[in-house]
Structure formats: structure tokens, C-alpha cells
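This briefing concerns the pocket and the nonpolar cores of one protein model. Please keep the structure in view while reading.

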Amino acid sequence: MGYNEQERAFIEWYPRGYGVGFKVRERLFETQTKYQRLEIYETEGFGKLLVLDGTVQLVEVGEESYHEVLVHPVMLAHPNPRRVLVIGGGDGGTLREVLKHGTVEKATMVEIDDGVVEASYIYLDVAKDLLDRLLKGEEPRAELIIGDGVKYLRESDERFDVIIVDSTDPVGPAKLLFSEEFYRSAYEKLNEKGLYITQAGSVYLFTNELLDAYRAMKRVFDRVYYFSFPVIGYASPWSFLVGVKGDIDFRKVDTRRAEKLGLYYYDPERHETLFQMPKYVRDLLERA
Ligand code: AG3
């Protein structure tokens, strides 16, 4: 399980013995935070690796393959995203992408585990400067709240244009973030027109959790979209679910606004390719 000293490798084991691994040079840090076991490794070819409870959160080389598709499709499909909420995302990569959008007046990030923020700030080259400003309260367009996203969303009287959930998997501590009740409070806190996106796990390995989330979202949002993307470090293809409130067509994005984003993986000119999926997956969703 996890780090294999002899092989000098870290392997994440998914259900049914499916593994995704990296050769590592050394283990840089390891701790038990209030919520989870956190490990950081120096890999041979992908920079540093962040692991929570044995699951790969990111590798520095290629982390954009996740953060870009989690953020930009919804930001560019929304006509004018000014208020954005990020739940989770303690490494700062998601917020970094959100703040590339000039339309954003204020972004709030609610992360439950300050241990993740701190370790990411110290060890990772993902969003160091941003985390530094956030921790000092010096980022003019964003704030960091250390707290429970479920509770925050239930109790907040703010309204958002876009809500982004950058959580761990729909199993374990983040399970509540994939419940109908949570989707209802998100729907309520979106402005009249709004978009919600969540990472939704591996389509092949967490199929039941994905379908449960898809069905629950369909009961709440006006429209629900599924798409997948190959993310470096996760069992491919990785899935994402988008919930729409009001009249927004998630199949269309504003490609002009994308020009300044400096993208590596997500291609707004080919937005429609996000929706291509293996027949097996399409059949599953149609039957869901
Ligand atoms: N958020 C976690 C994605 C889930 C990864 N799951 C897994 N490897 N089983 C990523 C945090 C990056 N901001």
C-alpha cells in the first residue's frame, strides 16, 4: 500500500487492484493532519507529488491537466463570472486558475484542512505566491476560509456565479460533497444563472459513486453535463460533472476571453471534444 521502499515507488491502489504509480527519489514530508494522512514525495520525472490518505492529489508536472479543465470550461461558459466559490483545493491550483479571469471580483476558497494549505505552501510549486498572499490576507480578490464547505454553503448568505468543488474522492470524508442535500444548498446559493462543477472520480473505477452523483445532480439542477479528461496522475479518463442553474449553455464557451489564459491542456476552440466518451460510458449515463 502506498510507498514501496524497495521499489522506490509510490502507488495509489484503486478498487479491484488497479494501480497508478510514480518512481520516487525521496519522501519529503509525512504527517497526520486533523483530517487525513498527508505525504509529499519528490518523484523521478513529475516534480513533487501530494498524497492524501493514500490517494494522488497532484504532481507538479502536469497539474494543469486537472486545474485547467476544472476551472476554465465553466468560467468561459458563464457570461460574466464575478463571484466564485472554491470548496477544497487547499493546494491553491484551482484558485490560481480562477483568478486568471479578469471578470472575477471576489473568489472565496473554503478548505477544511489547514494542514494541506500549509504543506502546499512549504513544499509545492503550484501556487506558492498566491498561498502566501492568502495566508497573510493580502490577496485583494480572494479570501481563504479554513472550514467545512458543507456547513459554509448551508449557512452563507452570499450568492455565487460559479461554484467549484475540488475535493478528494466521493468515498470517505468528502462523501457529503456528493449528496443531494449538498447539491440543493449549492443550487440555492447560485445566482439566477450559475454553474456548479465537481470532480467526480474515475469513470471506470468509481462507476457507482459517479452514477449516484449524476442522478442526485439531475434531481437538483436544471441541466447536468458529464465530461471526462485524461489527467496526469489519476486513473484515466477522469470525470467531471457540471450542474446548470438557469439559462446557460455549457456546450458553448467564450473563446475570446480564453486568449489571455495561457492554457496548456484545455482547448476552448475544441470545447466540444470534452463531451466525447467511450460508448460504454455513454450507455451507462443514458441508463442512469
Ligand atoms: N483533488 C483531488 C482529485 C481526486 C484524486 N483522486 C484520486 N487520485 N483517487 C485534487 C486536488 C488538486 N487541487
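Predicted model: local features only at pLDDT ≥ 70, side-chain atom pairs only at ≥ 80, totals over all residues.

Residues are numbered from 1 along each chain as its sequence is written, and side-chain values use heavy atoms, without hydrogens and water.

**Largest pocket**

- The largest pocket holds about 570 Å³ of space; a pocket is an open set of points on a 1 Å grid over the protein atoms alone where a 1.4 Å probe fits, with protein on both sides within 12 Å along at least five of seven lines.
- Its lining (residues with an atom within 4 Å of a point) comprises 36 residues, and those closest to the centre are Gly88, Asp166, Ser167, Thr168 and Ala174.
- Strand S6 (a DSSP run of E, at least two residues) gives the most to this lining, with four residues.
- Domain 1 (2-59) and domain 2 (64-287), with bounds from an automatic or database assignment, each supply at least three lining residues.

**Nonpolar cores**

- A nonpolar core is a set of buried (under 20% relative accessible area, 1.4 Å probe, protein chains only) Ala, Val, Leu, Ile, Met, Phe, Trp, Tyr and Cys residues joined through side-chain atoms within 4.5 Å.
- The largest such core has 67 residues, and Val84, Leu95 and Phe240 are among those with the most contacts inside it.
- Both domain 1 (2-59) and domain 2 (64-287) contribute residues to this core, so it lies between them.
- Apart from this core lies another, of 33 residues, including Ala174 and Phe221.

Key:
Points joined across faces, edges and corners; volume = space filled by probe spheres on them. Buried < 20%, exposed > 50% of the residue type's maximum accessible area, 1.4 Å probe, protein only.
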